[in-house]
Amino acid sequence: MTRAELVVGVGARHGVAAEEVLGLIRRTLAEAGAAAADVVALATLDTRADEPGITGAAARLGVPVRSYPAKALAQVRVPHPSAVSLTAVATGSVAEAAALMDGGELLVPKRKSGSATCAVARRGTVDVTRASTNGAEPFTMAAMLPPTKHTENAGPDLRHHGDAEVRGLDLIDLAVNVRTGTPPEWLRRRIVTSLASLAAYPDGRSARAAVAGRHGLPEERVLLTAGAAEAFVLIARALPVSRPVVVHPQFTEPEAALRAAGHEVGRVLLSPEDGFRLDPAAVPEDADLVVVGNPTNPTSVLHPAGVLERLARPGRTLVVDEAFMDAVPGEREALCARQDVPGLVVLRSLTKTWGLAGLRVGYVLADPATVGLLQEAQPLWPVSSPALAAAEACMEPRALVEAADAADRTAVDRAHLLAGLAEFSEVRVVEPAAGPFVLLRLERADEVRELLRSRGFAARRGDTFPGLGGEWLRIAVRDRVTTNRFLQALDLALQGLPRRAVG
């Protein structure tokens, strides 16, 4: 008999404790004669997906949280509907419907605690030789959905990026984290000069040597890529991985790449109550690939290098995305030059500081064996000659000094932005912030974002990041003049929110 794959559906009230949810799940699994190791996901209503009690239980179990809108759950007929649930969300039982959204058989119907409900379903093919406890046919997804209805798996849009907020629109861009006024003129000239060699195939040896020299590493530990995005795809496709885990909230492309490569991805969801700080113990012991950003997009949290080192161990690949590390003064907490951390893979990008999003250039720093596996998965000449010229130029001493100065200016500009946001009682900011952006929380953030757009400012929505919801916005750090204009627009947007009916 093959190992079961179980989905646990969870319904919960706001404020439920993770211990209560986890205890209910474990009691329900015991009733089913199942083990926690067989659980592949928790499933719930999308408006509960960020509830700390649910995300905390999922983190303890080492599984992702899958969320579905009420409209999708309402299509599922459940064996034990509740009038209260039907009235609240038009769904007979959130726990039972969510458990069955992946298909399969309901093993244990809804069970309750004081503030939570859960149900357990076995995913995929049902073993028809297994008798149910009452001799009836198994209660399956196929029996519950209308015969012509197809329900899509819902959740955050992992392919949504900040550029979608401004594409084709005349807005002041606070949604994308590329430094304004870039690329500088001297870098433009180097790129233009490289165009004279376009008839020749790209030769990355000089740029590779420059990157290695900049970080004090042997050249065999460097792989040039068409931006960090290509590196995530290479990691997903080329490395032998069976239990990948992504620490969220963070840049969504790593998980998207892993899922596109056919991996079942676990999530460790950090909590706003803890300031999105990482506890290495939250990462499952059996994870053989762990991805974390530092400083993390979108939270702007800078994790101590010592904390990240505790994630490393033989047999595990630890991917640290340092795309924004050069925006941190002194690049404190960087791991890019380390050769003593087992399984460490560090990604860097030239997109943000140098304004090269359209050129696509970044690099991987890892042990030679890992670099070799990733390089074998690359197409020939993956990085263009202009991108190679830019990479080499950005490793020169003059460029490093300019980048350091830019990081210092960003820190000053960020402090000005944070001081302005502190004047709004409606706004809560994740602090201390270390990146060229800040994450803030406010009620009706989706409405505020639209009002900001009407006043000429694009902000990054937060609900496409796993672990966040519709009450979050990410704001890029800009110069003082732009920030002051934004703060004025935010004030007017908050004043302009339409009143909601009471009762």
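Of the 54 residues in the largest nonpolar core, the ones touching the most other members are Leu187, Leu350 and Trp354. Here, a nonpolar core is a set of buried Ala, Val, Leu, Ile, Met, Phe, Trp, Tyr and Cys residues joined through side-chain atoms within 4.5 Å. Buried means under 20% relative accessible area, exposed means over 50%, and partly exposed is in between (1.4 Å probe, protein chains only). Helix α14 (residues 385-394) gives the most to this core, with 6 residues. Helices (H or I, at least four residues) and strands (E, at least two) are DSSP runs, numbered from the N terminus.

Apart from this core lies another one of 25 residues, including Leu417 and Val438. Back to Leu350: if you skip its neighbours within four places in sequence, Leu350 is in contact (heavy atoms within 4.5 Å) with Gly355, Leu356, Val361, Tyr363, Ala390, Ala391, Cys394 and Met395.

## What you're looking at

This is a predicted model, where local features need pLDDT of at least 70 and side-chain atom pairs count only at pLDDT 80 or more, while totals for chains, interfaces and linings use all residues. Residues are numbered from 1 along each chain as its sequence is written, and side-chain values use heavy atoms, with hydrogens and water left out.

## A strand, a helix, a strand

Now find strand β8 (residues 244-248) and strand β9. They run parallel and are joined by 4 bridges; two strands pair if DSSP finds at least two bridges between them. Val247 sits opposite Val268 in β9.

In β9 (residues 266-269), Gly266 and Val268 point one way and Arg267 and Leu269 the other, yet all are buried. Together with helix α10 (residues 253-260), β8 and β9 make a right-handed β-α-β unit. Right-handed means that, with the strands pointing away from the viewer, the path from the first strand over the helix to the second runs clockwise.

Most residues other than glycine have a negative phi, and most peptide bonds are trans. Ser300 has a positive phi near 70°; it is found in the loop between β10 and α11 and is buried, at 0% relative accessible area. Arg360, with phi near 65°, is partly exposed at 31% relative accessibility.

You'll also meet two cis peptide bonds. One joins Asn297 and Pro298, with omega about 20°, and the other joins Glu431 and Pro432, with omega about -5°. Pro432 lies in the loop between β14 (428-429) and β15 (437-441).
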